[in-house]
Amino acid sequence: MITSSVALLVALAVIGLVMDQAFKEKTLHLVKERLESYVIAIVSNTSIEQGELVFPDNYPTPRMNQPGSGMYAQITTAEQQWNSPSVLGQDLPEVIPVALNERLFDAPLEFQGERLFRMRQGFEFVGDNGSTRLTITITEHAGNFYRELAEFEETLLTWLIAISAVLVSIQWVIMYWSTKPLKRLMADLLRLEKGDELIFSENYPSELRGLTTSLNRLIENERSNLSRQRRTLGDLAHSLKTPLAVIHAELDNSPVDREIIQQQVMNMNEIVAYQLKRAAVAGHRTFVTGVPVIDVLDKILKSLEKVHHQRHIQVTTQIAPGAEFYGEQGDLFEVLGNLLENAFKWCDQHIDVLIKTLYMEGRKRTGITIEIGDDGPGIPADKRDDLLKRGVRGDEQVKGHGIGLSIVTDIVESYQGQLEISQHPTLQGACFKIILPP
């Protein structure tokens, strides 16, 4: 605010100086033109008769006929000098002759503490007895000019001060009003730092809405990650209760069945590995570079085709140009890898992969839609919801493709996405559809 106010005042000061200079130059130009016209009028009323100059008796302004009026006319030749009646009793600077047709304007001319305007021009009169050169001089007191200039500068300064005060006040009001959303944002951030469960509202100006939207998504991300980590720890603790209880009970027996203890230890290792894998889901990231989907898909398909090369499975892919996944590359590998592995496992001969770009209003980056279908036996409608349930104990999902689907579900939900299971319209097998918003 201070910088803009100073800049405004400097700009107004420069405008004032320019206006003052322009007024001064224009007024001085008018003085010069007036004195030039008086010179022409004087020379027009001057003539030469019988070899002698006849000086004018008519004057271009009545002031030249009034002694001490401040407007004086003089005609100077080599032999004589003529003065208008206004020169009577006045002490004027010495007239220095100028060359023929030369015109000089002295502005101002300092003389005895006074400022004068003087216009001189050289002429030549030709008569029967020869020619006579003369210099016509018009002198004017500059007091009126500088008084008018001072009055103008005083008026200009008064208006500039008034305009400056009004403009600075308006500018401060506008800037105070325009920075209110920033102050509100700072207050919301302070409340957030104190631990309030705050989500920024959508009634911020459009200039800040992108920032607040990103902050909201970042906050939701962190809260979701924290909730998922807490849930994973809870699931891990709950899942380990049973094998630990079995081991504890077996240790009280004599002799101890090492095979039972070994089996429970293996179960615990698998549970820990599974829960760690779930905890490693990165989740949605607000500030991240897009990962080209086609690169990840090609790597997964090449690996799976090598594993299942004896079955000669045909994979049809349709990928939108430039489709990108805004998140951790490992999460995309997990989603595509688990779903494609299931498709390769359960399909008969055909797999269809469709990836489209998802646009949403107000979002600069894009989301994606993934559809993976096969011509296998499919998934009964009454079992689809069970496969997507959350919170199932880890020891209930240790074996089979349930682990992969559970991880896929966690990843999709961490990106605020959706996972749907249906029947593929063409291949008639299972179809997994994932929607990951921008």
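**Legends to the views of a predicted protein model**

View 1. Of the 438 residues in the protein, 39% are buried (under 20% relative accessible area; exposed is over 50% and partly exposed lies in between; 1.4 Å probe, protein chains only). This is a predicted model, in which local features need pLDDT of at least 70 and side-chain atom pairs pLDDT 80 or more, while totals for chains, interfaces and linings use all residues. Residues are numbered from 1 along each chain as its sequence is written, and side-chain values use heavy atoms, without hydrogens and water. The accessible surface is about 25,400 Å², and carbon and sulfur atoms hold 55% of it (Shrake-Rupley method, 1.4 Å probe; for residues, only the protein chains shown count as cover).

**View 2. Overall dimensions.** The C-alpha atoms fill a box of roughly 155 × 50 × 35 Å along the principal axes. The radius of gyration is 49 Å, whereas a compact globule of 438 residues would have one near 22 Å (taken over C-alpha atoms; globule rule 2.2 Å times the number of residues to the power 0.38).

**View 3. Helix α6, residues 329-346.** The 18 residues of α6 should span 26 Å at 1.5 Å a residue, and the end C-alpha atoms are 26 Å apart, which agrees (expected span: 1.5 Å times one less than the number of residues). Buried residues of α6 include D331, L332, V335, L336 and L339. An α-helix has 3.6 residues a turn, so residues three or four places apart point the same way.

**View 4. R258 in helix α4.** Helix α4 covers residues 258-279 (helices are DSSP runs of H or I, at least four residues, numbered from the N terminus). R258 is exposed, at 69% relative accessible area. The C-alpha atoms of R258 and I434 are 45 Å apart.

Notes: Helix = DSSP H or I, 4+ residues; strand = E, 2+ residues; numbered from the N terminus.
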